[in-house]
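Please keep the sequence and the model in view while reading.

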Amino acid sequence: MPLVLERRSERSATIAIASPLIAVALTLVTMAVLFAILGKNPVEALDVYFLEPLTDPYSLGEIAVKATPLVMIAVGLSLCYIANIWNIGAEGQFIVGAVAGSWLAVRTNGTDVGHWVLPAMLLLGALGGALYALIPAICKVRFGASEILTSLMLVYVANFGMDYLVRGPWRDPHGMNFPTTAEFDPVATVPTLIEGGRLHAGAIIALLVVMAATVLLGRTIMGFEIRLVGAAPKAARFSGFNADKLTLFTFAVSGALAGLAGIIEVAGPVGHLQPDISPGYGFTAIIVAFLGRLNPVGILIAGLFLALTFIGGENAEIAIKVPLDLTKVFQGILLFYVLACDSMIIYRIRFIRTLRKPAHANV
Amino acid sequence: MKKWNIIAMAAVLAIATATFGASYAAEKLKIGFIYTGPIGDLGWSYQHDVGRKAMEKALAGKVETTYLENVPEGPDAERSIEQLARTGHKLIFTTSFGFMDPTLKVANKYPNVFFEHATGFKRAKNVATYAARFYEGRYIQGQIAAKISKTGVFGYIVSFPIPEVISNINATMLGAQSVNPNMKVKIIWVNSWFDPGKEADAAKALIDQGVDVLTQHTDSPAAMQIAEQRGIHAFGQSSNMIKFGPHAQLTADTDYWGDYYTKRAQAVLDGKWTSEDTWGGLDSGMVVMAPYTNMPDDVKKMAMDTQAAITSGALHPFKCPITDQDGKTVECKGGDHLDPGQILSMNFYVKGIDDKIPGK
Amino acid sequence: MFEAIMLSVIAASTPLLLAAAGELVAERSGVLNLGLEGMMIMGAACAFAGAYLAGSVVVGALCGVLAGTAMAAIFAIFTLGLAVNQVASGLALTILGTGLSGLIGAGFVGQRITPAPQLHLPVLTDLPLVGRILFGQDAFVYLSVALVIGIWLFLYRSRAGLVLRAVGDNHTSAHALGYPVLKIRALAVLFGGGCAGLAGAFLPLAYTPFFIPGMTAGRGWIALALVVFASWRPGRLVAGAYLFGAVSILQLHAQALGLGIPSQLMSSLPYLATVIVLVLISRTRGIAGSAAPASLGVVFVPDR
């Protein structure tokens, strides 16, 4: 083959900075072409998707509301992914966290409890998510089972479990038998930040999480361990770092963050527990983590950008009648381009003029 | 540099034209529809879209419609509804129970926009509710099933144990029992409104267990298609599924929303819209029975007679006395039949159904 | 009734078997392709479109295979050509495939086609009990069995299969011996894509003869679990696929019989079973070495 991939002698700094921009630019071009194929005006479509949502406070608030769970979950996932530990079950941990926190809300519903309820719910949510995430972690550490598959299978289990609870034991007795819990009391609801809007305190928590993760990764021993295990596993082992402890830690933290995102989402924008609380946040967060290059601040930006595409996609459905599936196509393409451009930081493509056949190539 | 200027100007021009064009078209009444499933489900959402198109045709030139499909019944629903309200839609139909709270929240913020929520029970000054009395069609289906079935057992494929589904199961059973008091039913919950693979599997399982008439409260034609394949009979749901079961379909209780939608849109145009609760059935044409096919003439006559009786009000599917499966007589709040409130919150099986309601 | 239940189980298990078989080959060569769901749903959409437009199930099946292969090609370019992380690429492929299939299939929702015909041999098909099970299936079922046998022969009885397994177990050594690692992996990935496309095609062409967006309903993820469940061995794959199919069918029968088990518990059984099996088989891999191909998921860039 005349084209080969070759490892660079050192990481290319220019590409490291330019990569996300190149990826976004490539995606926009591809999308413009797709719009044209669908018979829509590319300029108008791109404007509706990316620029319009930025033009008024309502949309900006919605972007923040949508980005909050994404950023929180993605930061947790990034800790795992940096260390090459693949937690794919964030969606399940999100649900279990929501369920754990909701338990308290349902128990105290209608009674005259104090303001301690909400912080307690958040704590329970984080705890629930962490414990659920430890299941695949322990399966890996103790039994060597692939954490990708165990964490993924547990997503389905969590979904069915929550479905059972809201249709059975936790169903609102005054809700005409419809499968939701009673509306959470005001003390059990996440407060909004702006009157009339949906922007809520969860956004602030998400920002705090980003800051905490930056500190963790940059300035603590644990953070150093995570980064080292990902970059040079053998060296990490030589230094005496315990890979098992790391697996348990990163899974627990990412599970806690996913669970926290879950209870905040339920106690905030939704207001009660019902069968459909997540449009796939746990999986979209995986994209956000990679888009943000596994860096907390990068994830914040990536989360906001992806939330923008969701909002833009919904606007496009109304304004120019573009199907919502296009947003998924866009997100998939974007992820591919980002991954490819990131690969160019470590590798380069070279043309080989004369191809010398290896000595014994007999297949 | 020059090239970028030109591109920028072109962009601005495009945006300006679009906005100008959009505002110029604001003379027509903009009506929005939110569907929980795809319009291609050939069931619930499909029928709402049929209604939308019928209304568009009836009020051609005066209205402009937008629809959003596949909107999940979660937090995203509120944003979708609000988006419609913000973009100049003055009448918005939210077509699934799960949109109830989001609809009310948005309605609160936009007092000048009118909302219509299907199958819900909360109203406001600018929120009306509407639903169809499907149970009327179910009663007829039950009677037909009892006449057609040779095994004495009919099958029911259902989604979730909400009152509407339970009342429909009961109505079917009561209809069947009026012909054959020993009729039995086998019920499978697929936990989804729309999952063709699972509905097909459920149909096969029911048939394997001796059922020879199928009915469903799910949205795809999968079960009908399996019935056709296996040579038994079935009832279509929400829409006429004869295309999938030319020899299998007996009838279908289809929803017809077109007249209601046209009426409500006209009310907005006339400035006379008010918040009401509409529960239409066979009498108002909201429930329409698909033509009776694949049955002997005497069964067809019986069905049509029952249909006439229900339409005129002479027969009520839930006429008292009604005994629940534990043997207790249910209190009769509507005179000689159950009242709407009882039907809307039905949480028991009638006598003759052996299963337990899941989650009780 | 046994016959009827078996027929339902076989139908439910066939798409799982087809998809998992292809993925098994890809993973044996060392590539973890998490994009099964995306390839399958693309196969379903394109298969239905092809069958509807051409009026032929065969054309539809071919379209499905091509679609799956094309998606796999995208994956191969990025993970093998550009050395991109396989897990992330697989997820991107799933999202891309799901969205793209929705766009392609949108125009075909609500149409119906004549489903794939089932075999009918004069005496054999009418045999009691086993007649229809063995001699009355549609082409997909027979293909799935033939595929697994073919893969077994390939992996364990052919030189090419040996080379593929070598590449999967130790790509550095294989490269040193002069084998074109990337080319072999690319072929394996493309094959996996074709199988996934065929699996997806089965759904609208035989199982339920119409197209609905998202009709694969997570089967791709189950197929991934199946490969691990089967310890990457074709024989066990068949057992696993039929086990999963059986669990999903039996839970419906239990409901119809009136057994009061919550349906959600039954629905979650296949997934719980996978986790348990994963744990059990991973425990026993100690002596003989890892059950998985050692280079599975590891990026390979040939040194020059």
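## Overall form of chains A and B

For the 363 residues of chain A, a compact globule would have a radius of gyration near 21 Å; the value for chain A is 23 Å, which agrees. The model is a predicted one, and every value in this report is to be read accordingly. Along the principal axes, the C-alpha atoms of chain A fill a box of roughly 80 × 60 × 40 Å. The secondary structure of chain A consists of 13 helices and two strands.

Chain B has 360 residues, for which a compact globule would have a radius of gyration near 21 Å; the chain has 23 Å, which agrees. The C-alpha trace of chain B spans about 85 × 45 × 40 Å along its principal axes. Its secondary structure contains eleven helices and twelve strands.

The table sets out these and related values by chain.

| Chain | Helices and strands | Radius of gyration | Buried residues | Contacts 24 or more apart, among those 6 or more apart |
|---|---|---|---|---|
| Chain B | eleven helices, twelve strands | 23 Å | 53% of 360 residues | 65% |

## The contact between chains C and A

Chain C places 42 residues in contact with 40 residues of chain A. On the chain C side, the elements that give two or more residues are helix H3 (57–81), helix H4 (86–105), helix H10 (219–229) and helix H12 (263–283). The most is given by H4(C), with twelve residues. By class, this side of chain C has 27 nonpolar, twelve polar and three charged residues.

## The largest nonpolar core

The largest nonpolar core holds 333 residues, of which Val71(A), Ile73(A), Val288(A), Ala203(B), Ala20(C) and Leu226(C) touch the most other members. Helix H9 (residues 181–207) of chain C gives the most to this core, with 18 residues. In chain B, domain 1 (25–132) and domain 2 (134–255 + 287–344) both give residues to the core, so it lies between them.

Ala20(C) may be examined in more detail. Leaving aside residues up to four places away in sequence, Ala20(C) touches Ala223(C), Leu226(C), Val227(C), Leu237(C) and Ala241(C). One of these partners, Leu226(C), is itself named among the core members that touch the most others.

## The two domains of chain B

The domain assignment divides chain B into domain 1 (25–132) and domain 2 (134–255 + 287–344). The C-alpha centres of the two domains lie 29 Å apart. Ten residues of domain 1 are in contact with 14 residues of domain 2. On the domain 1 side, helix H2 (residues 44–58) of chain B gives the most, with three residues. The residues of that side divide into five nonpolar, four polar and one charged.

## Individual residues of interest

Two residues other than glycine have a positive phi. Asn84(A) has a phi of about 60 degrees and is found in the loop between helix H3 (57–82) and helix H4 (90–107) of chain A. Thr119(B) has a phi near 55 degrees and is found in the loop between strand S4 (114–118) and strand S5 (127–132) of chain B.

Are these two residues buried or partly exposed? Asn84(A) has 15 C-beta neighbours inside 10 Å and therefore counts as partly exposed. Thr119(B) has 23 C-beta neighbours inside 10 Å, so this residue counts as buried; the cut-off for burial is 20 or more.

A cis peptide bond, with omega about 0 degrees, joins Cys320(B) and Pro321(B). Pro321(B) lies in the loop between helix H10 (297–312) and helix H11 (340–344) of chain B.

Asp259(B) lies in helix H9 (residues 258–270) of chain B. With 16 other C-beta atoms within 10 Å, Asp259(B) is partly exposed. Its C-alpha atom is separated by 34 Å from that of Val185(B), a residue 74 residues apart from Asp259(B) along the chain.

Definitions and conventions:
Residues are numbered from 1 along each chain as its sequence is written. Chains are lettered from A and ligands numbered from 1 in the order in which they are written. This is a predicted model: local features need pLDDT of at least 70, side-chain atom pairs count only at pLDDT 80 or more; totals for chains, interfaces and linings use all residues. Two residues are in contact if their C-beta atoms, placed from the backbone, lie within 7 Å. Helices (H or I, at least four residues) and strands (E, at least two) are DSSP runs, numbered from the N terminus. Ala, Val, Leu, Ile, Met, Phe, Trp, Tyr, Cys and Pro count as nonpolar, Asp, Glu, Lys and Arg as charged, and the others, Gly among them, as polar. A nonpolar core is a set of buried Ala, Val, Leu, Ile, Met, Phe, Trp, Tyr and Cys residues joined through C-beta atoms within 7 Å. Domain bounds come from an automatic or database domain assignment. The radius of gyration is taken over C-alpha atoms; the globule rule is 2.2 Å times the number of residues to the power 0.38.
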